[in-house]
Amino acid sequence: MTKHIFVTGGVVSSLGKGLTSASIGMLLESRGLSVRMQKLDPYINVDPGTMSPYQHGEVYVLDDGSETDLDLGHYERFTHSPLSRDSNWTTGQIYQSVIDKERRGVYLGKTVQVIPHITNEIKDCIRRLASDDVDVVITEIGGTIGDIESLPFLEAIRQFSNDVGKENCCFIHLTLVPYLKAARELKTKPTQHSVGQLRQIGIQPDFIVCRTEHPIAQEDIEKIALFCNVRADHVVEELDADFSIYEVPLSLLDHKIDQMLVDRLGLVNAKQPDLSKWHEILNVLHKPQAEVTIAVVGKYAKHKDAYKSIYEALDHGGIANIANIRILRIQSEDVAREETRALLEKVNGILVPGGFGDRGVEGKIDAIRIAREHKIPFFGICLGMQCAVVEYARNVLGMRDANSTEFDKDVEYPVICLMDEQRSVTDMGGTMRLGAQPTCLLAGSRAASAYGTLDIEERHRHRYEFNYEYRDRFIDGGLTISGTSPDGKLVEVVEIEDHPWFVAVQYHPEFKSKPTVPHPLFRAFVAAAIRYKRALNGVEVE
C-alpha cells in the first residue's frame with residue numbers, strides 16, 4: 001500500500017516546507033523508492049497565475065500547462081517525481097470542483113458542507129497520486145498552523161490518516177526555534193504552542209523538524225520532545241543552509257530522518273541511500289575553478305523568489321562549468337541611472353527574464369542594448385526575447401517606434417503582437433499559451449549546439465509573440481531566427497551571429513533545469529560568460 005507523509009508548518013510562514021519536503025523526497029528516492037510530490041495551498045485563488053510575484057513569488061509552469069506554486073520547482077529540481085495538475089491544489093480549485101458537482105446534482109439534494117464534502121474532495125485529491133507503483137506520496141500543506149483558511153486541509157489529512165491507517169501515514173511538522181540575542185538562548189515555546197494547536201485539531205506529529213540559526217542543545221530537544229509528545233530522536237534540527245540549499249538533504253541525512261521514516265512507515269524495500277551525485281554537486285560548489293558575475297535585469301528583481309528558478313538554473317550552469325555564479329540583481333527601472341549602466345558594462349553576462357506589463361520595459365531594452373553593443377554574453381527569456389527583438393528593430397533596423405502591442409496598441413512597427421489564438425480570450429487565469437511545446441532548431445545555430453539536437457520541447461507562458469510579418473526584414477538585417485514551432489509560424493529562438501553569445505528564447509528553460517542535469521542553454525550561457533571574462537583579463541580562450 002502507498003504510504004503517505006504530510007508536511008505542515010508552524011510559527012511563521014516561509015520556513016521552507018517546500019525545500020524540506022523536496023529534500024525528504026530526494027532522500028527516499030536515493031533509497032530506491034518511488035515518490036510522488038504534492039502541495040495543497042489554502043488560498044482561494046484557483047492558481048497563482050494571476051497573483052503578483054511580490055506576494056507569491058514566481059509562477060512555476062508544468063509540462064501539462066498547469067500554473068503552480070514555486071515549491072513545485074523544488075520538487076522537480078530535487079526529485080524525479082512526475083508532476084501534473086494533481087500535484088497542486090488550492091482552496092479555489094477544491095471549492096470550484098464541489099460547486100460544479102452540486103450544480104450537476106451529484107450530491108442529490110444534500111446540504112453541501114465543509115465536512116464532509118470539502119474534506120472528501122481534498123482526500124480525493126491526495127488519493128489520485130497513490131497507485132501500485134508509488135511507494136510514498138509526500139503532501140505539503142501550505143500556510144501556517146493557526147491560519148483559518150488551512151483548517152479544512154488539516155481536518156482532511158486528519159481524517160485521511162484514519163482512512164488509510166496510522167501505520168500507512170505520518171506527520172512531519174516544520175517549526176521555528178528562534179534565537180534571542182538579548183537572552184543569548186534559543187526559545188522552544190513557539191514550537192510548543194504550534195504543536196499544541198496541531199494537536200487540538202487532532203493531529204499528533206510523528207516528527208518535528210526545527211528550523212534554527214544556531215545548533216539546538218540536547219536539553220532543548222528533550223524539552224520539545226516532552227511538551228510535544230514525540231520521541232527525542234524524532235526532533236530533527238535543520239540549521240539554516242547559509243552556503244547552498246543543496247546542503248539541506250545531507251543535513252537531514254546526518255540526522256537519519258530517512259531511516260526513521262523508513263522504519264516508521266515499514267518501507268521494507270528501501271535500500272541504502274546513494275547520494276554520490278549530490279556530493280559531487282556540493283564539491284563543485286565548495287571548490288569552483290572560476291567565478292563570473294551575471295546581471296539579472298527584471299522588474300521584480302527586489303524580490304528574490306520572483307525569479308527563483310532563474311537563479312537556481314544559473315547555479316546549475318555554474319555547476320556544469322565548475323564555476324561560482326555571483327548574481328547581480330538589477331531593478332530594470334534603474335537602468336536609466338548612470339551608475340547602474342556602469343555596473344552592467346562591467347558584468348560577465350546579462351540575463352533579462354520574463355514578466356508582464358510596461359513598467360521597467362525600457363530599462364530591459366536599454367540593458368539589452370548594452371549587452372549587444374559591448375559584446376557581453378546575453379540571455380533573454382520570454383519577455384526578455386521580445387525586448388531583444390524590439391531593441392534590434394529600433395537600434396539596428398532603424399524602426400525607431402518599434403514596440404510590442406502589449407505596451408502600445410497603436411505602435412507604427414508592432415514587431416511583437418498578440419497571438420492569434422489569444423485575440424478572443426477575455427479571462428486572465430490559465431488562458432495563455434502554456435506548457436510544453438515543440439520547437440525546431442536551426443542546424444549550426446548556438447541553440448542547436450547547446451542542445452545537441454534539432455528537436456526540443458520546452459515550457460511556455462505567454463500571450464504575445466514575434467510578429468511574423470517582420471520576419472524577412474529581421475533576417476535580412478542580420479538577426480538569426482534559430483528556433484520556430486514545427487509549422488514555422490511561431491518564432492521561438494533568436495540569435496545574433498556576430499556576437500560572443502546572444503541568444504533569446506520565447507519559452508522558459510529555467511523550469512527544466514536540475515542541479516544534476518543543468519539546462520543546456522544555462523550551461524552554454526555560463527560557459528560564454530567565463531570565456532568573456534577570461535578574454536577581458538587577457539587569458540587565452542580555447
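Visitor: How do the residues lining the second largest pocket divide into nonpolar, polar and charged?
Guide: There are 18 nonpolar, twelve polar and six charged residues in that lining. Here Ala, Val, Leu, Ile, Met, Phe, Trp, Tyr, Cys and Pro count as nonpolar, Asp, Glu, Lys and Arg as charged, and the others, Gly among them, as polar. Please keep in mind that this is a predicted model, where local features need pLDDT of at least 70, side-chain atom pairs count only at pLDDT 80 or more, and totals for chains, interfaces and linings use all residues. Residues are numbered from 1 along each chain as its sequence is written, and side-chain values use heavy atoms, with hydrogens and water left out.

Visitor: What makes a space a pocket, and what makes it a cavity?
Guide: On a 1 Å grid over the protein atoms alone, a cavity is a set of points where a 1.4 Å probe fits but cannot get out, while a pocket is an open set with protein on both sides within 12 Å along at least five of seven lines. A residue belongs to the lining if it has an atom within 4 Å of a point. For the second largest pocket that gives 36 residues, with Gly49, Gly355, Phe356, Met432 and Arg461 nearest its centre. Two or more lining residues come from each of α15 (383-395) and β19 (455-462). Helices (H or I, at least four residues) and strands (E, at least two) are DSSP runs, numbered from the N terminus.

Visitor: Which element gives the most to the lining of the largest pocket?
Guide: That is α1, with three residues. The lining as a whole holds ten nonpolar, eleven polar and 14 charged residues.

Visitor: Why is Asp71 called buried?
Guide: Buried means under 20% relative accessible area, exposed over 50%, and partly exposed in between (1.4 Å probe, protein chains only). Asp71 has 11%, so it counts as buried. Asp71 sits in helix α3 and touches Gly18, Lys39 and Glu140, leaving aside residues up to four places away in sequence. Contact here means heavy atoms within 4.5 Å.

Visitor: Where do Val11 and Leu108 fall on that scale?
Guide: Val11 is partly exposed, because its relative accessibility is 32%. Leu108 is exposed, because its relative accessible area is 74%. Val11 belongs to the loop between β1 and α1, and Leu108 to the loop between α4 and α5. Both carry a positive phi: about 80° for Val11 and near 50° for Leu108. Most residues other than glycine have a negative phi, and most peptide bonds are trans.

Visitor: Which peptide bond is cis?
Guide: The bond from Ile115 to Pro116 is cis, with omega near 20°. Pro116 lies in helix α5.

Visitor: How do you know that the span of α5 agrees with what a helix should have?
Guide: The expected span is 1.5 Å times one less than the number of residues. The 14 residues of α5 (114-127) should therefore span 20 Å, and the end C-alpha atoms are 19 Å apart, which agrees. Buried residues of α5 include His117, Ile118, Glu121, Ile122 and Cys125. Among the elements that cover them are β1 (3-9), α4 (91-103) and α6 (151-164).

Visitor: What makes β19 largely enclosed?
Guide: Six of its eight residues are buried, so the rest of the structure largely encloses β19. Strand β18 (433-441) is joined to β19 by eight bridges, and the two run antiparallel. Two strands pair if DSSP finds at least two bridges between them, so this is a pair. Pro438 has Glu457 in β19 as its bridge partner.

Visitor: How do you know that both faces of β15 are covered?
Guide: Phe378 and Gly380 on one side of β15 (378-381), and Phe379 and Ile381 on the other, are all buried. Strand β14 (349-352) runs parallel to β15, joined by three bridges, and Leu351 stands opposite Phe379.
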